[in-house]
Amino acid sequence: MQHVGVAKQGSGVGVGPAARLGAPYGGYVLGAAYDEMFASDGTIRPHYAALGTRLATLSGEELNRRQQACELSFLHQGITFTVYSDKQATERIIPTDLLPRIVTAAEWARIEAGLKQRILALNHFLRDIYSDGRVLKDGVVPRSMIYGSKHYRREMRGLPVAHGAYVNVCGSDLVRREDGAFVVLEDNLRVPSGVSYMLANRDVVRRAFPNLFRAMGVKPIEHYPRELLATLRSLAPFQQDVSIAVLTPGVFNSAYFEHAFLARQMGVELVEGRDLLVNDNVVYARTTSGLKRIDVIYRRIDDDFIDSLIFREDSSLGVSGLFNAYRAGNVVIANALGTGVADDKAVYAYVPRLIRYYLSEEPILDNVETFLCREEKSRNHVLANLDRLVVKAVGESGGYGMLVGPHASKAEREAFAERLKADPENYIAQPTIQLSTAPTFVEGGVEARHVDLRPFILHGEGTVIVPGALTRVALKRGSLVVNSSQGGGSKDTWVLNN
Amino acid sequence: MLSRVADSLYWMSRYLERAEHTARLIAVKLESMIEQSREDADSSWLRVVAALSAEEYVPASPDAFAITQGLAFDRANPSSLLSSLGNARDNARQVREQLSTEVWGHLNRIYLRLQPVTAEDIWAHHPANSFREVMEELYTLGGVTYSTLSHGEGWYFLELGRHIERAQLTSRLLDLHFGASRSAVAEPPKYFDWLVLLKFCTAFEPYCKAYTAAIKPEKIAEFLLFDAEFPHSVRFSVDRVCDALLRVAPGAPPVRRAAVERLAGRLKASVDFTQIEDLMSGSIAPFLADITRQCEQIHDSVYASYIAYGAETVL
C-alpha cells in the first residue's frame with residue numbers, strides 16, 4: 001500500500017504532480033489494483049492531467065457544493081429508487097459521483113471492437129441453439145448445459161427472428177485487471193438496465209465541469225435513445241407507420257424511471273401489461289379512441305412474466321396471448337425470449353470458444369479466467385487452489401451457492417469441495433479480481449474506489465455502441481461490490497475524442 | 001392516448017385542484033380568524049372541515065391547530081393537503097413520460113418541500129403564509145403546465161379533471177352556505193362569513209368589480225354559480241368541461257362520444273338556463289345536489305366510453 005502524497009514527499013525523488021496536488025488526495029491509497037488516474041509511481045496518467053489540474057484549483061467546499069447540486073438534480077428529476085423499511089417507504093437517489101471516469105480513445109476502440117465481436121458471436125450462438133444446434137453436434141458446448149438450462153425456452157425453437165438478432169440491447173460488465181487490460185466479467189442479455197443513469201450522470205456532471213468537459217473533447221452519448229429507436233424499428237417486418245412501445249412492469253419497479261425516460265426520449269408509448277390485449281394473435285393497446293395495434297415491444301419484463309398462458313401462470317405483469325402473437329409474426333419482442341440461456345455463468349466460460357467457432361477470430365476482449373469444474377483438469381486445479389479462488393454455482397445469482405476462497409474457513413472449504421465433487425457440472429471458479437480504482441469524491445476529499453464499466457450495445461440490422469458507459473463505483477473503502485443495492489453508486493464516463 | 005394515461009392525467013389534475021382548494025381554504029381561514037370572535041371562528045372552522053372532508057372527518061380536537069394538522073398534514077386523512085399532493089404526484093409518476101420535465105420537476109419539488117413539514121413547524125411563525133406559498137406554487141404549476149405541455153388530448157384530460165373537481169368543490173362550498181348543509185354543520189353564516197366565502201373562491205375582487213362591495217348573499221350565489229367569465233364559478237367550470245370533452249378521444253366511435261356529450265350538454269343547459277331568482281325561493285339545495293350528481297354522471301360516462309370500456313365491445 002502506498003500513500004500517494006506522503007510517499008512522494010518522503011521518497012526524495014523529484015516532486016511529482018500528485019504530490020503537488022496535496023490536499024484533495026489526502027486519503028488516496030494506491031493498492032494492488034490498477035488505478036485509473038495514477039500510475040503506480042504516483043504520477044498522473046496523461047488523460048487525467050486536465051482533471052487533476054482542475055481539481056487542484058477547487059476547494060473541498062466547492063467540490064461539495066457541486067456534488068450536492070448533482071444530487072439535488074437527481075432528486076428533483078425523480079431519479080430515485082424506493083427503500084422499504086419499518087413500514088415506511090423512503091425514496092433514495094442512486095448516489096452519483098461528481099468526478100468523471102475517463103477512458104481514452106484507444107482504449108475505447110478496443111472495447112468497442114471487442115463488444116461488437118462478442119455480441120455477434122452470442123447472437124450466432126442463440127440462433128444456432130434455437131435451430132440446428134450445430135455447436136452442440138460439434139461438441140463445442142455440451143448439449144446438457146444448454147438443454148438443461150432453466151433459461152432455455154423450448155418455445156423459441158425454429159422461430160424466425162429478424163436479422164437473427166436475438167439480443168438487441170446488451171449491457172456487458174467489464175472490469176480492468178491489475179495489468180490494465182479490460183476483461184468481460186458478465187454479459188447481461190435479458191433486460192439490462194442502467195442506460196438512463198449513463199445519460200443522467202452525463203447531464204449533471206457536464207453541468208458541474210462545463211469548461212473541463214469542453215476542453216477535454218468528450219464523445220457525445222445523447223443520441224442513445226435515437227439509436228435504440230432505430231434498432232427497434234429495424235426489427236419490424238415493415239417500415240411504414242411502425243408502432244413501438246416500451247413494456248414496463250410498472251411504477252413500483254426499481255427501473256421504472258428508466259422505462260419512462262426511454263419511452264419519452266424515443267417518443268413512443270410506455271405501456272404496462274394491463275394496457276395491452278391480444279385478439280386473433282394481434283397485440284393492441286387500449287386507448288381513449290379505441291384499440292391501437294402494436295408492432296414492436298421493447299420489453300423490460302423478464303421472460304417468466306411476459307405471458308401467463310405460456311410462462312408463469314401467476315404473473316399479472318405481462319400480456320396473455322403475447323407469445324402466440326409473437327409466434328404468428330404479428331409482433332416483435334426485443335430482446336427475444338430465451339436469451340438468458342447465453343448469459344449464465346457456465347456459457348460465459350465458453351464465449352471465447354464461441355467467438356473462434358462462429359467468427360474464426362481470436363477474442364479481442366478476454367474473459368476473466370474461468371475454470372469449468374465439469375472439465376477434469378480444471379476441476380483438479382480448482383480443488384487444489386480453493387483458498388485462492390471464488391467458486392460459483394452456475395444456476396444461481398446474487399451471491400447464493402458461492403464460496404469466496406480467501407475469506408472462507410478450512411471447514412467451509414472442505415464442505416464445499418465435497419459438494420463440488422458431487423455435482424461438478426454445476427460449478428465454475430474464478431480468481432478474485434481486483435477491480436481497478438478511480439478517483440471518487442468522498443466526504444470532502446478525493447479517494448480511490450473500485451469501479452467497473454457497463455457499456456450498452458445495440459444490435460438490430462447493424463451493431464451500434466454509443467461511446468459511453470455506466471461506471472459503477474463501490475463507495476465503501478476497499479469494497480469490491482458495485483451494486484446499488486449494496487452501497488454502490490455511479491459515475492459519468494467520459495470517452496475522449498483522442 | 002392510452003386509457004391508463006388518460007386516467008392518470010385526469011386524476012393528477014383532480015388531486016391538484018383539491019390540493020389548491022385545500023391550501024386556499026386553510027390560508028384564508030387562518031388569516032380571517034384573527035378578526036373573528038372565538039365562537040364565530042369555531043363555527044366557520046367547522047364549515048371548512050365539512051368543505052374539505054369527503055366523509056365524516058372528525059379532527060382530534062376542535063382548535064385551529066388540530067384542524068390544520070388534520071386537514072393539511074395528516075396522511076391518514078385521505079383528503080388532506082399532503083394526501084392530495086401525494087396522490088397527484090403518484091399519478092404524475094405513472095405518466096412521467098407524458099409530462100414535460102418542467103411540469104414533473106415542479107410538482108415533485110412542491111411535494112418534496114412539503115412532505116417533511118408538520119403543523120408544529122409552521123405554527124410558531126405566520127402559518128397562513130406557508131399555505132399561501134403552497135397555493136402560489138400550485139398556481140405556478142398551472143402556468144408551467146400551460147406553457148410547456150402540448151395542448152393536445154392529454155392537456156384536455158387535465159382540464160377535464162380540474163374543472164369537474166372545481167365545479168363540485170364550489171358547489172359543496174355553496175351548499176354549506178346556502179343549501180342543505182347550511183345549518184347542519186355550523187351556525188348560519190354571518191356577514192363576515194360571506195366575505196370569507198368570496199375569499200375561499202378567490203372571488204372577492206372580481207365580485208366587487210361586478211356588483212360593487214355591497215355584500216349580498218343572493219349576488220354572491222349568482223356570481224359563484226352563473227358568472228360566465230370568473231374561473232371559479234360553476235358555470236365557467238362547466239363550460240371548460242364541455243370544451244374538454246369535445247377535444248378528448250378524437251378517434252372514439254360516434255356512439256360513445258354521443259353518450260358523453262349528451263350528459264355534458266344537459267349540465268350546460270342546467271347552468272345556462274337557470275336564474276338565481278328561480279333558486280332563492282328554496283330550491284338552491286336540490287339544484288346544487290343536481291349539479292354534483294351530473295358531474296358524477298359525466299365522470300362515469302367518460303370512464304365507460306374512453307377509459308374502462310370492455311375490449312369485446314370494440315373488436
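Modeller: A:Asn335 sits in the loop between β14 (332-334) and α14 (345-359) of chain A; helices (H or I, at least four residues) and strands (E, at least two) are DSSP runs, numbered from the N terminus. The model is predicted: local features need pLDDT of at least 70, side-chain atom pairs count only at pLDDT 80 or more, and totals for chains, interfaces and linings use all residues. Residues are numbered from 1 along each chain as its sequence is written, with chains lettered from A and ligands numbered from 1 in the order in which they are written.

Biologist: What kind of peptide bond joins A:Ala334 and A:Asn335?

Modeller: A cis one, with omega about -10°.

Biologist: Where is A:Asp241 found, and why does it count as buried or exposed?

Modeller: A residue is buried if 20 or more other C-beta atoms, placed from the backbone, lie within 10 Å of its own, exposed if 12 or fewer, and partly exposed in between. A:Asp241, in the loop between α10 (224-234) and β8 (244-248) of chain A, counts as exposed because it has 8 C-beta neighbours inside 10 Å. Although not a glycine, A:Asp241 has a positive phi of about 50°.

Biologist: And A:Ser360?

Modeller: A:Ser360, not a glycine, has a positive phi of about 50°. A:Ser360 lies in the loop between α14 and β15 (366-367) of chain A and is exposed, because its C-beta neighbours inside 10 Å number 7.

Biologist: How many residues of chain A are in contact with chain B?

Modeller: Contact requires C-beta atoms, placed from the backbone, within 7 Å. On that basis 23 residues of chain A touch 26 of chain B. β9(A) gives the most to chain A's side, four residues.

How values were computed:
Contact = placed C-beta atoms within 7 Å.
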